[in-house]
Amino acid sequence: IDIDILAQTHVNQAPSMNDNAHKVFCTSERARIVRQEFAGNVIVEDMEMTTEYTLQDDNHVSAISRIAIYLTPNSNSPRQEKSISGKAVAFYDFEIDMHRNLETFVDSKSGKSVERACVLTPKDVIQCA
């Protein structure tokens, strides 16, 4: 099967109306994915993801994210009604909790202890900024 994918994404961000507006921001992302299958069928998928991020402290961000999946008309299917376009058929809610991992290193030149932000990669290697 030969599949071509065309993705188009738009991202918006705005301050939240939350009381802690200086610590909170929101993003909204819309995407349309167009796939063309080997048999010539074209499949269109629309989705929207809205996320509100909250800075808990300098090393901790939490977020609530909702993904909406929308129906799109399929011109290849004679049974599918054209009136379904734009109606959400599924919602997925996620809670996200991100913590910065700080590692302490000794600077080889100065001999001083330095903290750096680090992540554990999928290959179990610690990578630091």
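Tyr 53 is partly exposed, with a relative accessible area of 22%.

Me: What is the relative accessible area of Phe 25, the residue that forms an aromatic pair with Tyr 53?

Reply: The model is a predicted one. In it, Phe 25 has a relative accessible area of 38% and is partly exposed.

Me: How is the aromatic pair of Phe 25 and Tyr 53 to be described?

Reply: A pair of aromatic rings is characterised by the distance of the centres together with the angle of the planes. The count here comes to one aromatic pair. In this pair, Phe 25 and Tyr 53 lie 4.9 Å centre to centre with 20° between the planes, and the arrangement is stacked. Phe 25 belongs to strand S2 (residues 24-36) and Tyr 53 to strand S3 (residues 42-57), so the pair ties together parts that are 28 residues apart in sequence.

Me: Which strands make up the open sheet, and in what order?

Reply: The open sheet has three strands in the order S6-S7-S8, with antiparallel pairing. S6 and strand S8 (126-128) each have a single partner strand and stand at the edges, so one side of each is left without a neighbour in the sheet. On average, neighbouring strands of this sheet are turned by 50° against each other, direction ignored.

Me: How many bridges join S6 to S7, and how many join S7 to S8?

Reply: Six bridges join strand S6 (residues 101-106) to strand S7 (residues 113-120), and Asn 101 stands opposite Cys 118 in S7. Three bridges join S7 to S8, where Val 119 stands opposite Gln 127. S6 and S7 also form a hairpin with six residues between them, and Gly 111 in the turn has a positive phi of about 80°.

Me: Which cysteines form the disulfide, and why is it right-handed?

Reply: The structure holds one disulfide. It joins Cys 118 to Cys 128, with an S to S distance of 2.0 Å. Cys 118 lies in strand S7 and Cys 128 in strand S8, so the pair ties together parts that are ten residues apart in sequence. The torsion about the S-S bond is about 100°, so the disulfide is right-handed.

Me: Is Cys 118 buried or exposed?

Reply: Cys 118 counts as buried, because its relative accessibility of 5% falls under 20%. Cys 128 is partly exposed, with a relative accessible area of 23%.

Me: Where does the charged end of Arg 66 sit?

Reply: The charged end of Arg 66 sits over the ring of Phe 91, 5.0 Å from its centre. Arg 116 lies over the face of Phe 105, at 5.4 Å from the ring centre.

Note on methods
Residues are numbered from 1 along each chain as its sequence is written. This is a predicted model: local features need pLDDT of at least 70, side-chain atom pairs count only at pLDDT 80 or more; totals for chains, interfaces and linings use all residues. Side-chain values use heavy atoms; hydrogens and water are left out. Two strands pair if DSSP finds at least two bridges between them. Helices (H or I, at least four residues) and strands (E, at least two) are DSSP runs, numbered from the N terminus. Axes are lines fitted to C-alpha atoms, for helices over the stretch in contact, and angles run from 0 to 180 degrees between N-to-C directions. A disulfide is a pair of cysteine sulfur atoms within 2.5 Å. Buried means under 20% relative accessible area, exposed over 50%, partly exposed in between (1.4 Å probe, protein chains only). Rings of Phe, Tyr and Trp (its six-membered ring) pair if their centres lie within 6.5 Å; planes under 30 degrees apart count as stacked, over 60 as edge-to-face and the rest as tilted. A charge sits over a ring if NZ of Lys or CZ of Arg is within 6 Å of the ring centre and within 35 degrees of the ring normal.
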